[in-house]
Structure formats: structure tokens, C-alpha cells
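Here is a short briefing on one protein model. Read it with the coordinates open.

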Amino acid sequence: MRIAYLVNQYPKVSHSFIRREILALERCGFSVMRIALRGWQGELVDEEDQLERERTRYVLRNSTIALLGAVLRAVFTRPLRFLQALSAACRMGYRAERPLPIHLVYLAEACRVEHWLVKARMEHLHAHFGTNSAEVAMLIHILGGPPWSFTVHGPEEFDKAQFIGLAEKIRRCAFVVGISSFGRSQLFRSVEYRLWSKVKVVHCGLEPTFYAGASRLASVQRLVCVGRLCEQKGQLLLIEAAQQLLQRGTEFELVLVGDGDLRGEIENLIKEYGLESRIRLTGWISSTEVREEILNARALVLPSFAEGLPVVIMEAMALKRPIISTFVAGIPELVHAGEHGWLVPAGDIDALANAMHACLVAPAETLANMGNAAYAQVLRRHDADTEAAKLAQLFRSQSMTL
């Protein structure tokens with residue numbers, strides 16, 4: 001079966017789960033066309049991402065004349081469908097997160113991609129994220145493109161469901177995927193009950209090559225936090241908790257992997273508390289380097305305020321590392337407190353500091369038992385080939401109904 005994947009930016013260091021999904025679908029026998037709006041520029045630290053860039057078609061590369069030509073082609077070859085798509089784009093632009101002219105650009109992008117898909121005889125289009133990529137996919141279908149679906153990750157889509165027209169996208173798609181039961185519940189909130197059957201759950205997957213050789217246990221008093229440096233991940237709260245550990249006299253190291261808008265504020269707080277010798281920031285690093293940072297730590301700590309279901313938690317569990325995180329979104333579905341690590345109320349500095357202290361002083365046997373239980377749990381729920389097979393069945397079922 002020939003399918004296409006549409007992503008706003010691909011490849012991207014924080015989107016390794018999309019790459020794994022595509023490759024797993026190809027192992028299922030699918031032919032997958034990668035399409036991204038942007039992502040052809042910028043440094044990529046991962047060799048696999050560099051290979052994916054070579055396989056991807058970019059909608060906005062050398063785009064001005066190409067987009068104009070695509071719009072004119074649609075106007076003259078299928079004027080009624082173009083008017084229907086134009087009407088839909090205008091409705092999506094009403095009281096939206098972004099102004100109407102941006103939605104008209106989405107229509108132009110859809111005109112270009114629809115031509116690619118028809119020419120390549122694509123049988124299904126799948127988008128990742130419920131924002132602009134899903135809108136472009138919706139407009140492609142209105143223009144005459146194949147059936148389409150999309151995966152919603154959260155939390156951004158849930159926070160602004162009304163302003164990105166999430167309900168309209170669900171009504172018009174063949175099916176929509178949530179990555180956890182929590183995600184499914186949030187999608188239920190966006191549409192009427194009669195459409196709930198469209199909402200499916202497919203977890204993000206991990207490949208055996210990632211977690212091979214994950215048995216060694218780190219002996220150092222080190223914790224690692226992996227994620228974009230932003231308000232929803234709670235890194236500033238983590239620095240506050242680290243300050244408490246310092247005041248208690250607890251020996252620790254903390255590594256923050258990632259980058260983002262809050263980096264400057266985080267660095268300032270580290271300096272204010274005199275934690276420069278205890279906390280290290282790496283910036284963006286390759287997936288291989290992320291893996292090594294996790295292996296070199298006792299546990300992963302992620303004090304998120306809002307989430308979908310973080311892929312890095314799955315990765316750390318697959319590497320047999322306990323988790324310190326919060327009772328937020330889909331996290332408790334995967335991480336069971338006391339069995340796979342520690343869960344604390346979001347925003348509670350004292351509880352976070354206590355959990356970090358408990359992990360740092362825990363006997364090696366306790367951590368090993370938690371790590372082994374975490375490993376078994378994540379392999380049951382997040383095998384890349386198992387989850388890709390669920391998607392494959394959904395794609396094939398749509399093809400059979402045509």
C-alpha cells in the first residue's frame with residue numbers, strides 16, 4: 001500500500017518517534033512518501049535524521065512560483081473542489097490561532113501536495129500533530145486527494161483545540177490517533193459522541209536497536225532530564241528542587257539535555273543558587289548521545305506540568321532506568337509509582353525534591369528492580385513494530401472501504 005506522511009518539520013531531533021513509525025511501516029510492506037513543510041535546512045546531529053532528510057520532499061523549498069502554479073492548476077482543472085477547499089480554509093481562519101492569510105497559504109501548500117499525491121497514486125495520507133499539518137491534509141482531501149488521518153500528541157493541541165479547529169479536522173478525517181488513553185479522552189472532548197468511534201489509540205514505539213545492551217547500572221549520583229527547555233517541562237521547578245537537595249547535603253549531579261526558550265532563565269537560576277558545579281546543560285545532542293546520558297544516570301527526572309506521553313520516558317524505561325515524574329496526562333498509564341519509579345504532584349517542589357533524594361540514596365538492588373520492571377512494562381506497550389501494525393490495519397481498513 002502506498003501512503004504519505006505529512007509533518008510540519010521533518011526530520012527533527014525531537015521527532016525521532018515519527019522516524020521510527022515510518023521505518024516500522026516500511027517493514028510492514030508499506031511504501032511511504034515523506035513530505036514536510038520545512039526542515040531542509042539547519043544542522044542535524046543524528047545520522048539517521050540526515051538520511052531521512054534525503055528521502056523527504058519539502059513543500060516550502062523554492063516555493064513561491066511552485067505554490068502559485070499549484071493554485072492556478074487547481075483553479076483551472078478542478079474549480080468546484082478548489083472553491084470548497086477555499087471555503088473550508090476561510091472557516092478555519094475564523095477566530096483561529098493564526099490569521100486568515102496564513103490559512104490561505106495552507107491552501108496553496110495543499111494544492112502543491114495534492115498534485116504530488118495524485119501523481120504518485122498515494123492511497124492514504126497521514127499527518128502528525130493536530131495543527132497546521134492536519135489542516136493542510138484536510139484541504140488536500142477536499143481538493144481531491146486520498147483519505148487522510150492524523151495523530152495528536154498534546155498538550156498544545158488540547159490547550160488550543162478551539163483555535164486550531166480540532167473538531168472540524170476530526171469530523172472530516174477517516175480516523176484520528178491519540179498516543180495514550182488520556183489523549184483519546186481529550187479528543188473525545190472535542191467532538192460529539194457519535195464520532196468517538198473515529199478516535200483510536202496507537203502508542204509511540206521503540207526499536208530493539210535503541211535499548212540493546214541496557215543492563216548496566218550507573219553508580220554515580222546523577223539524574224538526567226531530557227526535553228525541550230520550556231515552561232511545560234518544569235525545568236525551573238527542577239532547579240528549585242535541586243537547591244533543596246544542596247541545602248540537605250544530598251550528593252547529586254543533574255544533567256539537562258535539550259534546548260529551548262527557557263535556557264537563559266534556567267542558566268540564570270542555576271547561577272543564582274550556585275549550582276554550576278552540580279548541573280550541566282548539553283543543548284541538543286544526537287539520539288545516540290541521549291542514550292548514553294540516560295545510561296550514565298541513575299534515573300530520568302521529568303517534572304512536567306503538561307504532557308501527552310513523553311517519548312523520553314519510554315526510552316529511559318527501555319534502558320532500564322527508573323522514572324521520577326508527575327501525575328500528568330498519559331504518564332501514570334505507563335509509569336506506576338513504587339514499581340517503575342516515583343510520581344509526584346505537578347508543581348510540588350517539596351515532593352519532587354523528596355523523590356529525587358529517595359532515588360539518589362536508594363540501594364542499587366532497588367533501582368535495578370525498578371529498572372527491570374520498567375523495561376518489561378515499556379516493551380509490552382511500546383514496541384515499534386507492534387504499534388505500526390495497529391496503524392497498518394487502520395490504513396488498510398480505509399483502503400478496503402473505498
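Predicted model: local features only at pLDDT ≥ 70, side-chain atom pairs only at ≥ 80, totals over all residues.

Residues are numbered from 1 along each chain as its sequence is written, and side-chain values use heavy atoms, with hydrogens and water left out. The salt bridge count is 23.

**Terms**

- Helices (H or I, at least four residues) and strands (E, at least two) are DSSP runs, numbered from the N terminus.
- Two strands pair if DSSP finds at least two bridges between them.
- Contact means heavy atoms within 4.5 Å.
- Buried means under 20% relative accessible area, exposed over 50%, and partly exposed in between (1.4 Å probe, protein chains only).

- Strand β1 (residues 2-9) runs parallel to β4 (residues 124-128), joined by 4 bridges.
- β1 also runs parallel to β2, with 7 bridges between them.
- A4 stands opposite L125 in β4 and opposite M33 in β2.
- β2 is largely enclosed by the rest of the structure, because 6 of its 8 residues are buried.

- β12 (residues 323-326) and β13 run parallel and share 4 bridges.
- The bridge partner of S325 in β13 is L343.

**Salt bridges**

- A salt bridge is a side-chain nitrogen of Lys or Arg within 4 Å of a carboxyl oxygen of Asp or Glu.
- R20 and E315 form one at 2.7 Å, N to O.
- R20 lies in helix α1 (residues 16-27) and E315 in helix α14 (residues 311-318), so the pair ties together parts that are 295 residues apart in sequence.
- Both R20 and E315 are buried.
- E267 and R263 meet at 3.1 Å, N to O.
- Both lie in helix α12 (residues 263-272), 4 residues apart, about one turn of the helix.
- E267 is partly exposed at 30% relative accessible area, and R263 is partly exposed at 22%.
- E333 and R381 pair at 3.9 Å, N to O.
- This pair links distant parts of the chain: E333 is in helix α15 (residues 331-334) and R381 in helix α17 (residues 364-381), 48 residues apart.
- E333 is partly exposed, with a relative accessible area of 23%.
- E168, R171, R172, E192 and R194 are linked in a network of salt bridges.

**Loop residues**

- P303 is in the loop between β11 (299-302) and α14.
- P303 counts as buried, at 1% relative accessibility.
- P303 touches C225, K233, G234, L237, L238, T326 and L352, not counting residues up to four places away in sequence.
- P303 and Q232 are 71 residues apart in sequence and 8.8 Å apart in space, C-alpha to C-alpha.
- D348 sits in the loop between β13 (341-344) and α16 (349-361).
- D348 is partly exposed, at 29% relative accessibility.
- D348 and L367 are 19 residues apart in sequence and 23 Å apart in space, C-alpha to C-alpha.
- W284 is in the loop between β10 (279-283) and α13 (287-295).
- W284 is partly exposed, with a relative accessible area of 39%.
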